[in-house]
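Reader: Got a model here that I'd like to go through. Can you take my questions as they come?

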Amino acid sequence: MIPSSEVTEAAMLREVDDAEKEEEKIRRQKKLEEALEAKSLRRIISAYLNYPEAAEEDLKKWERSYRKLSPAHKALVPHYASKFQRLRRCISTNSYFIFNMLQAFEPPIDLSQDLEGFEDSNLDCAPPEKYILDERHDSSCQPALTNNCTHEEESKSLHDSELQRKDANDPSPKNHSEDARNNDKRNDCDGGHLNHDHGNASLSSHDWLDPSLQTHVPLVDVDKVRCIIRNIVRDWAAEGQRERDQCYKPILDELDSLFPDRQKKSTPPSCLVPGAGLGRLALEISCLGFISQGNEFSYYMMICSSFILNYAQVPGEWTIYPWIHSNCNSLSDNDQLRPVTIPDIHPASAGITEGFSMCGGDFVEVYNESCQAGMWDAVVTCFFIDTAHNIIEYIETISRILKDGGVWINLGPLLYHFADTYGHDNEMSIELSLEDVKRVASQYGFEIEKERTIETTYTTNPRSMMQNRYYAAFWTMRKKCAIST
């Protein structure tokens, strides 16, 4: 008979061994996720770096078509050759902005990580990759009467990154004032600061910007860069003011009326903006006197928003040509090739409230943390809720993080981003009608206080012959106070 002490010791050793194996499994899974994230970010950076080459290829295709014209037909459009040269100058200007933006970006993760050593791992165990760019609302990315806007899955959740752990768990992030520019990079929107010297930008200071390390990416990735350029107009150009008035002004007016005494309070009310994109709405909310935090999942968006929010020195500092990538529906060449200056305001001088920040990460994963429960006075969603795999999960999370009596203000359509994802049989997409969305919201304690429809566009060229319009749902819902017993 084996002594009971030996049995107990053997059991304890097995438990220790099992615990160590579990810890090793968790550690290995975390390393795998970090390597996948590094791979995704390298691909996104390569998409930005591939922009000039991809744009030049498009231009060469147009030139080949022109050369096929007969001499008589060429004589009818004699300006075309000079237009191509103008387009090259526009591409060069856009590229200059992109390269300076990348020069300022400090990756929140080690980009040297790779997937070596994980060949025997089940890569399917990695968390499902989600949307990384809100491109389906962009009429330029989704041509009318077609459905060919590909949704590549380049990026995964940032929930293990230093950036998100810092910002998401601290609902009173840092002011983007001049003093804040010297803070540790973890206090920054999306990364650290470099001296933003436009005349002396050098790619050599970042190894990952070395052209020899640039990888070729699918053209759909470069299309996302073009979408970003159009999004810059929407958020940070005077030309985007009409869209901002359509989409952002109703939200800002509603917040202003719902919190009339906010300036008198010792602590300003807090407002979260999931799907904050390039950050203009979150900044405007901060300027109203709220502790505002934008949340964004897309690295494409975060790289650009960080640059504009943190490095812009004066209004109109940069020039871009957002409409050059399509010859369709142009009234004139001058309309197509017109410059747009950005930003229309200097973000650091806009009058923001201390506590403004941008937080990177998947909305559900970041804000499901227990420390976020009941933390927010308001949640604002603009063209966001249809980006979900499971919109019910979004509604549940919004309800959880709002204080009792807190408000949810929403504006947007229901163009579900994963509704037409082909080739991914396991891709989840819950596509509720507006009626069902409101019914589900009521089950999570929401009561509708205001509701109407707002006609708007999304990153639309205001001088284009094609204008895709949305009849967006706009509502204010209030989370009912818990009944005490």
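Reader: First one: is F383 buried or exposed?

Author: F383 is buried, at a relative accessible area of 3%. Buried stands for under 20% relative accessible area, exposed for over 50%, and partly exposed for what lies in between, using a 1.4 Å probe and protein chains only. Before we go on: this is a predicted model, where local features need pLDDT of at least 70, side-chain atom pairs count only at pLDDT 80 or more, and totals for chains, interfaces and linings use all residues. Residues are numbered from 1 along each chain as its sequence is written, and side-chain values use heavy atoms, with hydrogens and water left out.

Reader: Where is F383 found, and what is its phi?

Author: F383 sits in the loop between β6 and α12. Its phi is near 50°, a positive value in a residue other than glycine. The element names follow DSSP runs, numbered from the N terminus: helices are H or I with at least four residues, strands are E with at least two.

Reader: What about T387, buried or exposed?

Author: T387 is buried, with a relative accessible area of 3%. T387 belongs to the loop between β6 (376–382) and α12 (391–401). Its side chain reaches the backbone oxygen of F384 at 2.7 Å. A polar contact is a pair of N or O atoms within 3.5 Å; within protein, one must be able to donate a hydrogen and the other to accept it, and residues adjacent in sequence count only if both atoms are side-chain atoms.

Reader: Switching to helices. How do α4 and α9 cross?

Author: The axes of α4 (residues 80–104) and α9 (residues 299–311) come within 9 Å and cross at roughly 85°. That makes α4 roughly perpendicular to α9. The label covers 65 to 115 degrees; under 35 counts as roughly parallel, over 145 as roughly antiparallel, and the rest as oblique. Axes are lines fitted to C-alpha atoms, for helices over the stretch in contact, and angles run from 0 to 180 degrees between N-to-C directions.

Reader: Which residues meet there?

Author: From α4, F97, N100, M101, L102 and A104; from α9, I303, C304, F307 and Y311. Contact means heavy atoms within 4.5 Å. By class, there are eight nonpolar, one polar and no charged residues. Ala, Val, Leu, Ile, Met, Phe, Trp, Tyr, Cys and Pro count as nonpolar, Asp, Glu, Lys and Arg as charged, and the others, Gly among them, as polar.

Reader: Which residues touch the most other members of the largest nonpolar core?

Author: Y48, I232 and L255, out of 82 residues. α9 gives the most to this core, with 10 residues. Such a core is a set of buried Ala, Val, Leu, Ile, Met, Phe, Trp, Tyr and Cys residues joined through side-chain atoms within 4.5 Å.

Reader: What does Y48 touch?

Author: Not counting residues up to four places away in sequence, Y48 touches I98, M101, L102, V225, I228, Y300, I303 and C304. There is also a second, separate core of 27 residues, which includes Y367, L402, V437 and F446.

Reader: Last topic. Where is the cis peptide bond?

Author: It joins I342 and P343, with omega about -15°. P343 is in the loop between β4 (340–342) and β5 (357–360). The C-alpha atoms of P343 and A238 are separated by 8.1 Å, with the two 105 residues apart along the chain.

Reader: Is A238 buried or exposed?

Author: Exposed: A238 has a relative accessible area of 58%.
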